[in-house]
Amino acid sequence: MSNLGALDLARIQFAFTVSFHIIFPAITIGLASFLAVLEGCWLKTSNVVYKDLYHFWSKIFAVNFGMGVVSGLVMAYEFGTNWARFSDFAGSVTGPLLTYEVLTAFFLEAGFLGVMLFGWDRVGRKLHFFATIMVAIGTLISMFWILSSNSWMQTPQGIEIIDGRVAPMDWFKIVFNPSFPYRLAHMALAAFLSTALFVGACAAWHLLRGRNTPQVRKMLSMAMWMILVATPVQVVVGDAHGLNTLEHQPAKIAAIEGHWENVPGEASPLVLFGLPDMDAEKTRYSLEVPYLGSLILTHSLDKQIPALKSFAKEDRPNSTIIFWSFRVMAGLGMLMLACALLALVLRRGGALYRNRLFLWFALLMGPSGLIALLAGWFTTEVGRQPWVVYGMLRTTQAASNHSATQMSVTLALFVLIYFSVFTVGIGYMMRLVRKGPKAHEEHVSPEQPGQLATARRPLSVAD
């Protein structure tokens with residue numbers, strides 16, 4: 001790290017912590033809604049399989065929720081420690097938006113989480129179901145405010161710059177900024193897909209080990225239905241998001257496409273593969289499809305997409321990174337759709353739970369949702385560079401005045417602590433996954449059969 005400056009190290013540190021953090025809220029959002037669906041199905045059908053699955057996944061939800069909260073707190077402090085100039089410039093917008101998240105979402109989740117995790121046999125069915133729904137709604141509200149804040153940084157509006165600081169003028173425009181609806185829908189679907197792939201991989205693992213129980217079959221079935229429905233919707237939302245990005249952040253689109261210059265009067269090609277070279281200002285070894293770039297991004301055969309050479313060098317995002325991060329995301333999306341379509345074919349043939357090649361495919365696809373999610377966030381955040389607040393505050397102007405030595409030490413400590421703590425947490429969660437759902441789980445105390453067990457520590461629900 002001796003060749004990296006303090007700014008580079010600050011960016012690496014934030015990228016590391018936010019990448020670690022985002023996987024937990026994504027699974028939390030998806031699992032909370034999944035639990036609400038499971039309990040609703042149980043109340044409607046009285047099928048005990050749904051109840052068994054609820055108890056199983058609520059334990060994993062509890063561990064995941066705890067790790068998400070802890071990792072999120074670190075990021076909040078980083079805004080003040082490493083990006084003080086950004087906080088000084090835009091804190092009048094980002095501060096209230098994050099406060100709204102705490103007041104509306106976190107309090108809602110915290111208020112009903114205890115009832116949801118520990119109140120199954122202590123409150124009525126309807127009240128418990130209501131608590132589960134409130135926790136699910138709380139996760140969605142949390143996503144709403146976080147995405148609003150981040151989207152405002154991508155497409156800022158509703159403000160004025162007074163004495164070098166942002167002054168809010170129209171909170172409706174700030175919250176519902178131009179990119180917010182597309183990014184909110186894109187993230188919500190990504191969370192649901194990541195969770196469905198996780199659930200499907202869990203079921204596939206147990207089926208491969210011979211645990212062909214009603215609970216495991218139901219997990220796989222529900223996961224595949226969700227992937228089949230959500231993936232095509234995600235493609236449509238992603239296309240609309242791309243058109244919105246073309247309108248408001250054309251340099252990002254040019255970098256994603258690795259497209260350097262247009263030929264007058266010709267439609268823009270789509271570069272499928274290649275190696276963008278920022279210094280040479282070209283994409284080496286490119287494989288292009290004529291006209292397809294214009295067709296996909298402008299929905300016409302005569303319009304051209306922006307070219308990187310039309311932007312000043314200091315205003316260009318790093319195409320070398322986001323060219324490939326975008327293709328990782330899109331490629332995994334196509335594999336998700338293939339997995340869901342294959343499941344549909346096997347379901348119709350009655351071989352969904354027996355075809356070992358498909359089960360291995362579903363198992364290997366387990367982490368693909370989270371990988372695609374991370375690739376998408378890298379595309380979005382690196383593509384916003386060199387701006388923190390797009391068009392208003394550059395990244396070089398946003399960092400705190402720290403030395404490279406200070407940033408190196410804190411980065412090394414973050415890496416050591418994160419891998420030590422969260423590796424244990426993730427390992428424990430995987431142990432729960434390997435155990436699988438129990439049939440007709442009763443949740444009684446082993447010391448006093450027939451009596452309700454009492455929680456003695458915060459995460460004892462996951463024991």
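**Briefing: salt bridges, cores and surface**

R316 is buried, at a relative accessible area of 12% (buried is under 20%, exposed over 50%, partly exposed in between; 1.4 Å probe, protein chains only). The model is predicted: local features need pLDDT of at least 70, side-chain atom pairs count only at pLDDT 80 or more, and totals for chains, interfaces and linings use all residues. Residues are numbered from 1 along each chain as its sequence is written, and side-chain values use heavy atoms, without hydrogens and water.

**Salt bridges**

- The structure holds eight salt bridges (a side-chain nitrogen of Lys or Arg within 4 Å of a carboxyl oxygen of Asp or Glu).
- R316 pairs with E281, with the closest N and O atoms 2.7 Å apart. E281 sits in the loop between β3 (270-277) and β4 (282-289), and R316 in the loop between α9 (292-298) and α10, 35 residues apart. Helices (H or I, at least four residues) and strands (E, at least two) are DSSP runs, numbered from the N terminus.
- E281 is buried, at 18% relative accessible area.
- A network of salt bridges links E281, K313 and R316.
- D315 and R394 form a salt bridge at 2.6 Å, N to O. D315 is in the loop between α9 and α10 and R394 in strand β6 (residues 393-394), so the bridge ties together parts 79 residues apart in sequence.
- D315 is partly exposed at 24%, and R394 is partly exposed at 22%.
- R327 meets E257 at 4.0 Å, N to O. R327 is buried at 14%, and E257 is buried at 6%.

**Nonpolar cores**

- The largest nonpolar core has 84 residues; L38, W57, I60, F61, M219 and F358 touch the most other members. A core is a set of buried Ala, Val, Leu, Ile, Met, Phe, Trp, Tyr and Cys residues joined through side-chain atoms within 4.5 Å.
- Helix α6 (residues 180-208) gives this core its largest share, 17 residues.
- Another core lies apart, with 22 residues, including W83 and W152.

**Nonpolar surface patch**

- Y100, V102, L103, F106, F107 and W171 make a nonpolar surface patch of about 540 Å². Patch residues have over 30% relative accessible area and no salt bridge; like charges are joined within 9 Å, nonpolar side chains (Val, Leu, Ile, Met, Phe, Trp, Tyr) within 5 Å. Accessible areas come from the Shrake-Rupley method with a 1.4 Å probe; for residues, only the protein chains shown count as cover.
- Helix α3 (residues 84-118) gives the most to the patch, with five residues.
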